[in-house]
Amino acid sequence: MVLVASAAAAVALAAVVLVLGAVHGPSAPSTTARGERALASSPARSVVHVRISDYEFRPGRVRARPGEVVAVTNGDQVTHKMTAIPGSLPFGRFDTGYVDPGRTVRLRAPRMPGSYASYCSIHNFMKGVLVVTG
Ligand SMILES: [Cu+2]
């Protein structure tokens with residue numbers, strides 16, 4: 001009886017998955033494409049990109065608007081971070097945490113304009129500046 005019930009549940013679940021697949025599957029790519037275009041045309045929701053490769057932030061000096069999303073992509077084969085340097089001024093509180101090879105982590109730029117010193121706290125010779133424009 002339990003077996004029959006769980007088999008029926010499995011069939012029902014499979015049906016739900018099929019329906020969801022039908023609704024979301026074909027439309028997902030175009031939704032994503034629309035989303036990308038919307039981001040590109042809307043300055044308020046844009047994304048600034050930083051790529052880490054060969055133990056360097058590229059660009060080393062990245063500009064962002066207050067509160068803007070900064071997407072940090074790790075192109076190296078080792079884990080990195082992008083973190084506000086503790087004790088530096090202006091005081092910024094941002095930290096990607098560990099960004100594993102090939103991964104992208106988003107952080108939000110501080111609200112207050114200024115040049116924020118950042119580094120990778122794993123490899124603290126890796127330094128950069130996050131410039132928040134007024
Ligand atoms: Cu690093």
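Modeller: Residues are numbered from 1 along each chain as its sequence is written, and side-chain values use heavy atoms, without hydrogens and water. As this is a predicted model, local features need pLDDT of at least 70 and side-chain atom pairs pLDDT 80 or more, whereas totals for chains, interfaces and linings use all residues.

Biologist: How many degrees lie between the planes of the stacked pair, Tyr55 and Phe125?

Modeller: Rings of Phe, Tyr and Trp (its six-membered ring) pair if their centres lie within 6.5 Å; planes under 30 degrees apart count as stacked, over 60 as edge-to-face and the rest as tilted. The centres of Tyr55 and Phe125 are 6.1 Å apart. The angle between their planes is 25 degrees.

Biologist: Is Phe125 buried or exposed?

Modeller: Buried means under 20% relative accessible area, exposed over 50%, and partly exposed in between (1.4 Å probe, protein chains only). Phe125 has 54% relative accessibility, and therefore counts as exposed.

Biologist: Which class describes the pair of Phe94 and Tyr116?

Modeller: The ring centres of Phe94 and Tyr116 are 6.3 Å apart. Phe94 is buried at 4% relative accessibility, and Tyr116 is buried at 1%. Because the planes of Phe94 and Tyr116 stand at 75 degrees, the pair is edge-to-face.

Biologist: Which residues coordinate the copper ion?

Modeller: Donors are N, O and S atoms within 2.8 Å of the metal (3.2 Å for Na, K and Ca); water is not among the atoms, so sites may look incomplete. The donor residues are spaced H-x39-C-x2-H in sequence. At 2.0 to 2.2 Å, the copper ion is coordinated by His80 (ND1), Cys120 (SG) and His123 (ND1).

Biologist: How many residues apart in sequence are the parts that His80 and Cys120 tie together?

Modeller: Both His80 and Cys120 are buried. His80 lies in the loop between β4 (69–74) and β5, and Cys120 in the loop between β7 and β8; strands are DSSP runs (E, at least two residues), numbered from the N terminus. The pair therefore ties together parts whose separation is 40 residues.

Technical notes:
Helices (H or I, at least four residues) and strands (E, at least two) are DSSP runs, numbered from the N terminus.
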